[in-house]
Amino acid sequence: MPEFPAGFVVGVSTAAYQIEGAVDAGGRGASIWDTFSHTPGRTRDGDTGDVACDHYHRWAEDLALMAELGVDAYRFSVAWPRIQPDGTGKPNPDGLAFYDRLVDGLLARGIAPVPTLFHWDLPQALEDRGGWLARETAERFAEYAGHVAARLGDRVRRWITLNEPVVHMAQGYAWGTHAPGRQLLLDALPVAHHQLLGHGLAVRALREHGAAEVMITNNCTPVLPASDDEADQAAAAVYDAFHNRLFNDPVLLGTYPDFLSAGLGDVLRDGDLQVISTPLDALGINYYNPTKVGAPPAGADLPFEMRTIEGVPTTAFGWPVVPDGLHDLLTGLRETYGGALPPIYITENGCSTADGTADQFRVDYLDSHLRAVHRAIGGGVDVRGYFVWSLLDNFEWAEGYSQRFGLVRVDFESQQRTPKNSYHWLRAQLASRA
């Protein structure tokens with residue numbers, strides 16, 4: 001592994017609904033993903049997260065795997081329905097106790113806990129009242145954040161509010177391929193604003209409980225125009241605004257891209273952008289691949305069209321593997337936001353492979369992307385850490401158990417964990433650090 005600056009954090013990431021299982025244990029309420037995955041035709045093979053990796057019961061075994069791996073930090077998510085089964089009211093003691101045990105177990109093993117407060121598992125009761133289309137959800141999110149911080153804040157230094165609000169908006173509310181399965185297309189824009197408002201309110205709630213470092217995690221992608229044609233260039237600019245700037249500009253600059261702010265007129269209130277742009281200590285970036293965009297055909301519902309990036313390897317998911325895209329993304333963020341850009345953590349990066357435990361493809365993927373981060377740091381970008389997605393094979397949302405992203409293979413019937421070659425490779429890299 002390249003020699004990173006002193007203090008550079010290397011960790012692994014997971015998400016609650018993807019690994020915890022135990023959906024009826026400890027007073028947990030229903031989430032939108034429970035509802036969605038139990039609706040016929042919504043997930044591949046009808047898979048659900050009812051059991052997943054059974055991490056709720058096997059957390060100590062999984063922490064032992066992390067300790068053996070030698071990571072500095074573990075990014076996990078807190079399941080909102082475990083803390084507030086209906087999204088409101090007093091916190092559930094059993095839910096808080098689970099994350100208490102998890103945090104204490106991490107610290108006992110010398111691993112820093114990095115909780116994410118929302119990784120798409122909204123309590124179903126809040127969705128029934130409008131979900132992220134409703135301003136109330138932002139207010140409830142801040143209350144929930146306060147409950148979690150009150151319990152864990154004495155031991156947790158670094159917090160993440162939201163995970164990939166663009167993906168939750170697009171796939172959950174615009175296209176309907178994720179929970180809650182709404183198909184609103186451009187009418188999903190209020191979801192972006194209410195998630196960001198919830199983020200800003202949560203930042204303030206976390207700070208009230210002494211949080212030392214708070215960030216949001218945005219999924220970002222370099223946008224490549226399909227050609228030099230003016231229409232393709234314009235379509236790429238529009239997509240960049242939707243995918244990247246819609247979620248970075250308000251947080252870092254306190255503004256929305258001009259042409260998108262018009263679509264938020266009914267939900268944007270005085271003072272909202274000041275809340276959303278409450279200063280951050282860091283910015284989390286999830287990177288998987290660049291996106292190639294061209295002009296749409298006449299009569300299309302959206303003002304852009306995705307195109308295939310050719311001539312590069314692809315993951316088992318079919319995503320193009322372009323390590324240079326991560327370097328370009330990081331340097332592009334610095335150029336776009338300048339002094340407004342806080343330090344960056346790569347909070348997710350990884351790939352799905354179909355080659356079992358002999359996953360040389362993943363080894364090469366991680367190696368090349370770590371080197372891309374190192375080049376960006378050498379070019380002056382302040383990157384403080386890198387988290388691999390993911391520790392474990394898990395429930396991959398609408399794709400069920402068909403995609404395997406883990407450093408550790410999980411047999412979902414026996415729950416046996418088997419470290420893959422990529423796990424052993426990363427362990428050797430971490431052990432060799434000066």
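**A guided tour in close-up views**

**View 1. Helices α3 and α5 are roughly parallel to each other**. Angles under 35 degrees count as roughly parallel, over 145 as roughly antiparallel, 65 to 115 as roughly perpendicular and the rest as oblique. Please keep in mind that this is a predicted model, in which local features need pLDDT of at least 70, side-chain atom pairs count only at pLDDT 80 or more, and totals for chains, interfaces and linings use all residues. Residues are numbered from 1 along each chain as its sequence is written, and side-chain values use heavy atoms, leaving out hydrogens and water. Helix α3 covers residues 55-69 and helix α5 residues 93-108; they pack at an angle of about 10°, with their axes 10 Å apart. Axes here are lines fitted to C-alpha atoms, for helices over the stretch in contact, and angles run from 0 to 180 degrees between N-to-C directions. Helices (H or I, at least four residues) and strands (E, at least two) are DSSP runs, numbered from the N terminus. From α3, His55, Tyr56, Trp59, Leu63 and Met66 meet Phe98, Arg101, Leu102, Gly105 and Leu106 of α5, where contact means heavy atoms within 4.5 Å. This contact has 7 nonpolar, 2 polar and 1 charged residues. Ala, Val, Leu, Ile, Met, Phe, Trp, Tyr, Cys and Pro count as nonpolar, Asp, Glu, Lys and Arg as charged, and the others, Gly among them, as polar.

**View 2. Eight strands close into a barrel with parallel pairing**. Follow the strands in the order β1-β2-β3-β4-β5-β7-β10-β11; on average, neighbours are turned by 25° against each other, direction ignored. Two strands pair if DSSP finds at least two bridges between them. Strands β4 (residues 158-163) and β5 (residues 213-219) run parallel and are joined by 4 bridges, and Ile160 has Met215 in β5 as its bridge partner.

**View 3. Helices α8 and α13 lie against strands**. Helix α13 (residues 323-337) lies across β7 (283-286), β10 (344-348) and β11 (383-389), and runs at about 140° to β10.

**View 4. Three strands make an open sheet with mixed pairing**. Their order is β6-β8-β9, and the edge strands β6 (223-225) and β9 (305-307) each pair on one side only. The twist averages 45° from one strand to the next. Strand β8 (residues 291-294) pairs with β9 in the antiparallel sense over 3 bridges; look for Lys292, whose bridge partner in β9 is Arg307.

**View 5. The structure holds 2 cavities of 30 Å³ or more**. On a 1 Å grid over the protein atoms alone, a cavity is a set of points where a 1.4 Å probe fits but cannot get out, and lining residues have an atom within 4 Å of a point. Grid points are joined across faces, edges and corners, and a volume is the space filled by probe spheres set on the points. The largest cavity holds about 50 Å³, and its lining divides into 4 nonpolar, 2 polar and 4 charged residues, among them Tyr17, Arg28 and Asp121.

**View 6. The second largest cavity has a volume of about 40 Å³**. Its lining includes His55, Tyr74, Phe76 and Leu102. The elements giving two or more residues to this lining are α1 (16-19) and β2 (73-77), and β2 gives the most, with 3 residues. By class, the lining has 6 nonpolar, 3 polar and 1 charged residues.

Note on methods
On a 1 Å grid over the protein atoms alone, a cavity is a set of points where a 1.4 Å probe fits but cannot get out, and a pocket is an open set with protein on both sides within 12 Å along at least five of seven lines; lining residues have an atom within 4 Å of a point.
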